[in-house]
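Subject: Structure handover, aromatic contacts

Hello,

Here is the structure for your files. My notes on its aromatic rings follow below it.

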Amino acid sequence: MKNHILLFLFTISATAQIKGVVRDSITKEPIAYVSIWIENKIIGASSEIDGTFDINSSLDVKLQFSILGYKNKVAKINKEGLYYLVPEDFTIEEVIINNKKNSKSIKIGHSNKSNVSHLQGKYPQILAKKFEYDSIYKATPFLKEIEVFTKSPIEGAIFKLRILEFDSIKQLPGKSLISEDVIVKVKKGQKKNVINVSQYNIEFPKKGIVVGVENIIVDSNKYLYSTKAMPQDVYSYAPAVVLNYVDDIKSYMFLNLKWLIREKHTLSYGKHKGQKKVIEPAINITLTN
């Protein structure tokens with residue numbers, strides 16, 4: 001039996017189609033794949049390649065904008081439909097690499113294929129998993145590859161890969177360890193996507209590292225989802241992220257400009273029925289020297 005985590009919100013209210021364009025405040029160029037939410041609601045969208053977006057909502061709301069490389073923005077809806085984001089000064093500690101060999105590697109994580117996946121709703125989100133530091137990584141300190149398991153009914157769906165340092169004070173994902181979006185294109189079906197990230201020279205932080213999958217709500221990812229559990233077909237967005245049930249709480253979700261911890265819950269189906277488990281995205285990492 002195939003299981004999905006369904007996260008859809010149905011409301012009855014007077015709504016309008018909010019259209020706009022997201023641009024760089026300095027260059028005035030459009031910004032693609034910006035995550036956009038209605039403030040305090042599970043409603044959102046992503047900007048297309050040309051920076052355009054549309055959301056169905058009432059007009060008395062505020063919009064939240066978030067993308068790597070720019071400051072987060074909260075703005076009222078304006079008649080012109082133009083929203084400018086301010087570039088963020090991005091500093092990464094200098095990494096000095098001496099005699100990097102790539103002669104040995106170690107894989108961290110036991111994520112694998114599963115019949116359970118996170119069916120993406122009509123709003124942007126990041127599903128993330130924490131990897132804790134261990135002294136044995138001193139021999140292989142650099143991040144080489146990231147494995148992400150996805151399930152997609154369409155060919156060529158895309159997502160954004162996020163790599164962050166864990167914030168040991170807030171006990172949540174913290175600052176990004178890369179300064180650019182990493183766009184990953186997936187094949188149709190359930191696949192293990194192996195992404196080479198060695199070019200970023202990321203040394204495993206002692207605070208821990210968090211790897212996330214950010215969905216992109218654009219037309220090229222859109223498809224019609226059908227299931228007997230729902231009275232009618234609904235539109236969703238590929239790819240779905242494969243999930244594993246685990247005991248340790250190291251799973252997080254980013255929504256409405258906030259990070260949330262995924263807590264344990266009692267399962268009512270499957271081989272873990274009656275047990276308390278945490279759902280986490282199926283992600284592994286590989287380190288090298």
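One aromatic cluster is made up of Trp 37, Phe 254 and Trp 259. Please keep in mind that this is a predicted model.

Searching the whole structure gives nine aromatic pairs. One of them joins Tyr 133 and Tyr 137: the ring centres are 6.2 Å apart and the planes stand at 90 degrees, so this pair is edge-to-face. The cut-off for that label is an angle over 60 degrees.

How exposed or buried are the two tyrosines? Tyr 133 is partly exposed, because its relative accessibility is 27%. Tyr 137 has 8% relative accessibility and therefore counts as buried; the limit for buried is under 20%.

Tyr 137 also pairs with Phe 204, with centres 5.2 Å apart and planes at 50 degrees, so that pair is tilted. Tyr 137 lies in the loop between strand 11 (126-131) and strand 12 (142-152), while Phe 204 lies in the loop between strand 16 (189-196) and strand 17 (209-215), so the pair ties together parts that are 67 residues apart in sequence. Phe 204 is buried as well, at a relative accessible area of 6%.

- Lys 28 is placed over the face of Tyr 84, 4.8 Å from the ring centre.
- Lys 222 has its charged end over the ring of Tyr 235, at 4.4 Å from the centre of that ring.

Regards

Terms used. Residues numbered from 1 in each chain as written. Predicted model: local features only at pLDDT ≥ 70, side-chain atom pairs only at ≥ 80, totals over all residues. Heavy atoms only, no water. Phe/Tyr/Trp six-rings, centres within 6.5 Å; stacked < 30°, edge-to-face > 60°. Buried < 20%, exposed > 50% of the residue type's maximum accessible area, 1.4 Å probe, protein only. Helix = DSSP H or I, 4+ residues; strand = E, 2+ residues; numbered from the N terminus. Lys NZ or Arg CZ within 6 Å of the ring centre and 35° of its normal.
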